[in-house]
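Here is a short report on one protein chain. Take a look at the sequence and the model before reading on.

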Amino acid sequence: MRTRIPAKRVGPSVPATRARAHTHMPLLHPSPPPHRLLVVRQCRLIAPPVHHPSRLSVRAAAAAAPVAHEVCALPFPPDRASHHRELAAAVASVERACRLCVDVRESMLVGDEKILEKNDQTHVTIADFGVQALISFELQQLFPSIPLVAEEDSAFIRSSNAADSNSNTLVESISSFVTQKVNNNGPPLTHDDVLRAIDRGGKDAVSFDSNPATYWLLDPIDGTKGFLKGEDSLYVVGLALVVDGKLALGVMGCPNLTDTTIGDTEDESIAACPGHGIIMVSHAGCGTWSRPMSAEIGQLTTLPNVWKRCSVDPCSVAHMAHFCIVDSHTWDMMPLSAHFISTMDESEPRDENKILLQNSCGGSLSKYLLVACGRMSVFILLARAEKLLKAWDHAVGVICVEEAGGQTCDWSGKPLDFGADLTGRRIIYPSGGVLATNGALHDKLAEMVSANYK
């Protein structure tokens, strides 16, 4: 059965997106002078040799010579966005990473074994490692002083190789997919280059202190179950930039969600669809936007008019809203179950005590994405004691929802603290769980949740 994602409901008058003060964050890297920018249909990444600074210093990188980089048009000009260059680079990398995912998924259909199980019994695929290697390598070429915090490292791959002499095919397979998609003007990447790129985001790669930090947060594939399940389920490549402790920008790529689900449409039967895909971007003070993934990897769009502004669902009545949870949770695990019963049948009549629930297969980021584009009204997640919540599963989703006019908090009503993990910036500790809403329902639901969770 295909997952049904409701079309965005637009009321007679949709409230304007909640105003946000423009955040004047420091420029991490000044944009290259005009003569170094060449906007063409076939984008290329030109990266001269990088000289790594002796310590992690954003300002040191800003003082370095500018690096020519791939130009992909954004829906707002550089003078409105402090981190326009970082966002353009992130969009290009995430889009290439999504294409890597599609290639791996297609290769799985012909019988190649690309599904692995880590020591914690969670599944990981060639695509997870490949995406992390690709994005890590490209970001390091352009922004060498900004560290990366990401989900994977190469320890599992290296241990697999040590345990089985035939397992070198695992590294070869990852490297093959990466080299096909990565933008690299230097020597061809070796297996060691790919492993080092993966480890750049690993848990031992960087250590922070209590001061506000600047770093990338990457979830190579959020919703690996959805990736494995196939065309009916959503998965997301998610990348965010934190600047001085604040979310500055985010990019989500969803390879099997059609762009007809974003923006105004009358289609009431939207589902995941292979071979399409959307890119969603957000920048502090500039809103949330989306566009279709470009037709071919060499044709990354340079046209700003392909973007659509995203806005949350305007629904202000709980029993008329669309709620979503992750597929590993049930409604009775949520504190809102004390106030509402749930149904998954959209045709079933609902009164003020019954809400419509959808728990389609997919990770947290796909739920944030659907709230940000107005397909869902509320996403609620329980923080289980036995499973720590990871920062990369939420950061990009939070900025996309909030810039689209929504609100997020933990179950006590406090903002999510992405600096709570002082040394690693890898874990968040929300009280009770996470609540992301369209804004119109937020205060009422946050009060109910806060009063009923223990």
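Is Cys-373 buried or exposed? Cys-373 is buried, with a relative accessible area of 1%. Here, buried means under 20% relative accessible area, exposed means over 50%, and partly exposed lies in between (1.4 Å probe, protein chains only).

## The model

This is a predicted model, in which local features need pLDDT of at least 70, side-chain atom pairs count only at pLDDT 80 or more, and totals for chains, interfaces and linings use all residues. Residues are numbered from 1 along each chain as its sequence is written, and side-chain values use heavy atoms, with hydrogens and water left out.

The protein chain holds 10 helices and 17 strands. Both are DSSP runs, numbered from the N terminus: helices are H or I with at least four residues, strands are E with at least two. Of the 454 residues, 57% count as buried. Contact means heavy atoms within 4.5 Å. Among contacts with a separation of 6 or more, 75% come from residues 24 or more positions apart.

## Cysteines

A disulfide is a pair of cysteine sulfur atoms within 2.5 Å. By this rule the count is zero.

Strands of a sheet pair through backbone hydrogen bonds, either parallel or antiparallel. Two strands count as paired if DSSP finds at least two bridges between them. Seven strands form an open sheet in the order 3-4-5-6-7-8-9, with mixed pairing. Strand 3 (148–150) and strand 9 (308–309) stand at the edges. Each has a single partner strand, so one side of each lacks a neighbour in the sheet.

Strand 8 (residues 287–292) and strand 9 run antiparallel, joined by two bridges. Ser-290 has Lys-308 in strand 9 as its bridge partner.

## Two helices over the sheet

Axes are lines fitted to C-alpha atoms, for helices over the stretch in contact, and angles run from 0 to 180 degrees between N-to-C directions. Helix 2 (residues 84–108) lies across strands 4, 5, 6, 7 and 8, at about 30° to strand 6. Helix 3 (residues 126–142) lies across strands 3, 4 and 5, at about 155° to strand 4.

How do the axes of helix 2 and helix 3 cross? They come within 9 Å and cross at roughly 155°. That makes helix 2 roughly antiparallel to helix 3 (under 35 degrees is roughly parallel, over 145 roughly antiparallel, 65 to 115 roughly perpendicular, the rest oblique). Residues making the contact include Ala-89, Ser-93 and Leu-100 of helix 2, and Gly-130, Val-131 and Leu-134 of helix 3.

Strand 10 (residues 322–324) and strand 13 (residues 378–382) run parallel, joined by two bridges. Phe-323 has Val-378 in strand 13 as its bridge partner.

## An enclosed helix

Nine of the nine residues of helix 8 (residues 364–372) are buried, so helix 8 is largely enclosed by the rest of the structure. Among them are Lys-367 and Tyr-368. Just after helix 8, Gly-374 takes a positive phi of about 85°.
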